[in-house]
Amino acid sequence: MRKHIFELIAVAVVILLSTACTEHQQMSQKEKEVDSLMNAAYKQHDYKRIITLADLHQQSGSLSDMKAGYWRGYAYQRMREIPIAEKEWKSALELEIGNREDLEYYAKTANRLASLLFVKFDYQGTIRVAFPAIEVMKKNDYTLNADYANLHTYIGNCQLKLGHPDEAASNYALAYDHYLKVTKADDEIADYTSSIIGIIYIITT
């Protein structure tokens with residue numbers, strides 16, 4: 001009798017594990033499909049569709065809150081609805097980072113928001129975004145990317161504008177070093193291109 005009960009439990013466990021694995025695979029496939037749809041809208045400059053997709057798939061759970069916030073902010077910025085973009089990105093940066101992809105989009109969001117604030121001549125606001133983001137990225141060992149280097153560049157820009165050239169030089173040096181590392185280590189064309197642009201900017205500043 002006891003042996004029979006153990007066999008039933010073993011079968012139940014196998015079924016549960018199999019179901020969980022299937023559900024995970026289905027969710028992973030759905031996330032890939034959403035990424036494909038989002039990239040297609042991005043390439044077509046269809047910003048309203050990006051927002052629609054972000055809203056829809058955030059609700060379904062196939063797009064994380066962090067990723068959805070990044071994409072909505074991007075779309076609103078491209079449509080020149082700057083206050084809404086700023087709000088979306090600030091809200092995204094307050095979210096908990098759940099996994100590596102969230103960390104990646106946290107970095108992208110911080111980079112975009114720092115850029116937006118700098119262009120608005122909000123130098124203190126830029127620094128308030130960039131410094132904490134840099135600390136989060138360092139803590140999570142996510143510094144070998146152009147977003148991290150860009151944040152140091154924005155801080156340097158602000159320090160220069162605020163009359164602190166020595167501090168600015170220090171951040172430019174950090175940014176330059178990371179841009180060089182990215183060009184040597186990262187095969188991602190967007191990161192490589194951004195790093196080359198960053199290097200040229202620092203050299204000519």
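Predicted model: local features only at pLDDT ≥ 70, side-chain atom pairs only at ≥ 80, totals over all residues.
Student: OK, how many helices and strands does the protein chain have?

Tutor: There are 9 helices and 0 strands.

Student: And what share of the residues is buried?

Tutor: Buried residues make up 39% of the 205 residues in the chain.

Student: Then try helix 3 and helix 5. At what angle do their axes cross?

Tutor: Helix 3 covers residues 65-78 and helix 5 covers residues 100-119; their axes cross at roughly 30 degrees and come within 9 Å. Angles under 35 degrees count as roughly parallel, so helix 3 is roughly parallel to helix 5.

Student: Which residues make the contact?

Tutor: On helix 3, they are Met-66, Lys-67, Tyr-70, Trp-71, Tyr-74 and Gln-77. Helix 5 brings Glu-101, Asp-102, Tyr-105, Tyr-106, Lys-108, Thr-109, Arg-112 and Leu-116.

Student: How does that contact split by class?

Tutor: The contact of helix 3 with helix 5 has 7 nonpolar, 2 polar and 5 charged residues.

Student: Is the crossing left-handed or right-handed?

Tutor: Helix 3 passes helix 5 in a left-handed crossing.

Student: Now helix 4 against helix 5. What's the angle there?

Tutor: Roughly 140 degrees, with the axes of helix 4 (residues 82-93) and helix 5 coming within 9 Å. That makes helix 4 oblique to helix 5. Helix 4 also passes helix 5 in a left-handed crossing.

Student: Which residues of helix 5 meet helix 4?

Tutor: Tyr-106, Thr-109, Ala-110, Arg-112, Leu-113, Leu-116 and Leu-117 of helix 5 do. From helix 4, the partners include Ile-82, Ala-85 and Trp-89. By class, the contact of helix 4 with helix 5 divides into 10 nonpolar, 1 polar and 3 charged residues.

Student: What comes between helix 5 and helix 6?

Tutor: A loop, and Phe-121 is found in it. Phe-121 has a positive phi of about 65 degrees although it is not a glycine.

Student: Is Phe-121 buried or exposed?

Tutor: Phe-121 is exposed, because its relative accessible area is 62% and the cut-off for exposed is over 50%.

Student: On to helix 6, then. How many residues does it have, and how far does it reach?

Tutor: Helix 6 (residues 123-139) has 17 residues and reaches 24 Å from its first C-alpha to its last. That is close to the 24 Å expected at 1.5 Å a residue.

Student: Which of its residues are buried?

Tutor: In helix 6, Tyr-123, Gly-125, Thr-126, Ile-127, Val-129, Ala-130, Ala-133, Ile-134 and Met-137 are buried. These buried residues pack against helix 4, helix 5 and helix 7 (146-161).

Student: At what angle do helix 6 and helix 7 pack?

Tutor: At about 145 degrees, with their axes 9 Å apart. Helix 6 passes helix 7 in a left-handed crossing. The contact residues include Phe-131 and Lys-138 of helix 6, along with Leu-151, His-152 and Gln-159 of helix 7. Those of the whole contact divide into 12 nonpolar, 3 polar and 3 charged.

Student: Last stop, helix 8. Where does Asn-171 lie, and what is it in contact with?

Tutor: Asn-171 lies in helix 8. Leaving aside its neighbours within four places in sequence, Asn-171 is in contact with His-152, Ile-155, Gly-156 and Gln-159. Asn-171 and Gln-159 are 12 residues apart in sequence and 9.0 Å apart in space, C-alpha to C-alpha.

Student: Why does Asn-171 count as buried?

Tutor: Because its relative accessibility is 8%, and buried means under 20%. Ala-169, in helix 8 (residues 165-185), is partly exposed, with a relative accessible area of 44%.

Notes
Residues numbered from 1 in each chain as written. Heavy atoms only, no water. Axes fitted to C-alpha atoms, helices over the stretch in contact; angles between N-to-C directions. Helix = DSSP H or I, 4+ residues; strand = E, 2+ residues; numbered from the N terminus. Parallel < 35°, antiparallel > 145°, perpendicular 65-115°, else oblique. Left-handed = near helix turned anticlockwise from the far one by under 90°. Contact = heavy atoms within 4.5 Å. Nonpolar A, V, L, I, M, F, W, Y, C, P; charged D, E, K, R; others polar. Expected span 1.5 Å × (residues − 1). Buried < 20%, exposed > 50% of the residue type's maximum accessible area, 1.4 Å probe, protein only.
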